[in-house]
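Work through the exercises below with the sequence and the 3D view side by side. Try each task before reading its solution.

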Amino acid sequence: MGEPLEIRSEEVQKTQADPETAERFIEEKHIGDRIRRLRLKKSMGLVELGKHTGLSASFLSQLETGRVVPTLRNLARIAMVFSKDLSYFFESEPAPIFRLHRKIDRVRMPQTGVEPPTYYFESLGYLVPDRYMDPYYAEFVPLEGDADPKAHIHPGFEFLYVLHGELSLRHGEQESTLEAGDAAYFDAGTPHSYHCVGRKPAGAIIVTMHQAPAAQQTPQPLRAAPGTGPKPAPMPGRPGDTEGRQNNSF
């Protein structure tokens, strides 16, 4: 037989979890905050949650404020009430999106494929990568002569709010005139176009939403498949900037 294996005390310490590190790990997961968000999302009080879990309201309050650490058994009870897996409380939370788009930094772009253009636009969301909607500010100029507005289509839906002036919106076979304060929400998969009908330019906020028709929806948000629809162009003066993108196909 070989000699007895000697284990040094410092080697044992290396295999032991540091209590402070463990506490820090729990704090970083914000378990109490996650429990509170789930409860408030269901408009549920502490007493009601206590009835479902068998835990007292005072104990649940201490859990939410981080004064006590939940056992896996208690955490599992809470998870079951909200139809969540235990992993929900330990997964890394995505950083909340927040981007400012200063007016001075925006770029005014003309309508593409039409000369002269019937509108100019500024992207209000080009700094947000992988966004679920594209907001724009658009200014429509009066048509010259007998020019007809160019109709177009794209996946998803579109929302339009007129800020000033008069705007004619054609959607399929339907045509409507919108004034300041009027809004429209429509399926962008139907050919649509718009043009200024007054003597002065019309301004509008336009939001395109990447969402499939209701018949194709699943519980998860749907987005246009990569490679389909109009391709976004890089922002002028930002070559190679993959986040500074905009799409001028409303």
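Contact here means heavy atoms within 4.5 Å. The model is predicted.

**Exercise 1. Two packed helices**

Task: Describe how helices α4 and α5 pack, and state which residues of α4 meet which residues of α5.

Solution. 

Step 1. Two packed helices are described by the angle between their axes and the distance between the axes. Helix α4 covers residues 46-53 and helix α5 covers residues 57-64. Their angle is about 105°, and their axes are 8 Å apart.

Step 2. Angles of 65 to 115 degrees count as roughly perpendicular. α4 and α5 are therefore roughly perpendicular to each other.

Step 3. On the α4 side, the residues in contact are Leu46, Val47, Leu49, Gly50 and Thr53. They meet Ala57, Leu60, Ser61 and Glu64 of α5. Sorted by class, this contact has five nonpolar, three polar and one charged residues.

Step 4. Arg34 lies in helix α3. Between Arg34 and Glu64 there are 30 residues in sequence, and their C-alpha atoms are 8.0 Å apart in space. Arg34 counts as buried because its relative accessibility is 3%.

**Exercise 2. Salt bridges**

Task: Find how many salt bridges the model has, and examine the pairs of Arg108, Arg131 and Glu175.

Solution. 

Step 1. Side chains of opposite charge can pair when their charged atoms come close. The cut-off is a side-chain nitrogen of Lys or Arg within 4 Å of a carboxyl oxygen of Asp or Glu. By this rule the count is six salt bridges.

Step 2. Arg108 and Glu139 form one of these, with N and O at 2.8 Å. This pair links distant parts of the chain, 31 residues apart: Arg108 is in the loop between α6 (72-81) and β1 (109-110), and Glu139 is in strand β3 (residues 133-140). Arg108 is partly exposed because its relative accessibility is 41%.

Step 3. Arg131 and Asp134 form a salt bridge with an N to O distance of 2.3 Å. Buried means under 20% relative accessible area. Arg131 has 10%, so this residue is buried. Asp134 has 7%, so this residue is buried too.

Step 4. Glu175 pairs with Arg170, and their closest N and O atoms are 3.1 Å apart. Glu175 is partly exposed at 46% relative accessibility, and Arg170 is partly exposed at 32%.

**Exercise 3. Strands and their partners**

Task: Give the strand order of the six-stranded sheet, then describe the pairing of β4 with β9 and of β5 with β8.

Solution. 

Step 1. Strands of a sheet pair through backbone hydrogen bonds, either parallel or antiparallel. The six strands form an open sheet in the order β1-β2-β3-β9-β4-β7, with antiparallel pairing. Its edge strands are β1 and β7 (183-187), each of which pairs on one side only.

Step 2. Inside this order, strand β4 (residues 157-164) and strand β9 (residues 202-209) run antiparallel and are joined by seven bridges. Phe159 has Val207 in β9 as its bridge partner.

Step 3. Strand β5 (residues 167-171) pairs with β8 in the antiparallel sense over five bridges. Leu167 stands opposite Cys196 in β8.

Step 4. Is β8 covered or open? Strand β8 (residues 192-196) is mostly covered, as five of its five residues are buried. His192, Tyr194 and Cys196 lie on one side, Ser193 and His195 on the other, and both faces are covered.

Notes
Residues numbered from 1 in each chain as written. Predicted model: local features only at pLDDT ≥ 70, side-chain atom pairs only at ≥ 80, totals over all residues. Heavy atoms only, no water. Helix = DSSP H or I, 4+ residues; strand = E, 2+ residues; numbered from the N terminus. Buried < 20%, exposed > 50% of the residue type's maximum accessible area, 1.4 Å probe, protein only. Axes fitted to C-alpha atoms, helices over the stretch in contact; angles between N-to-C directions. Parallel < 35°, antiparallel > 145°, perpendicular 65-115°, else oblique. Nonpolar A, V, L, I, M, F, W, Y, C, P; charged D, E, K, R; others polar. Pairing = 2+ DSSP bridges.
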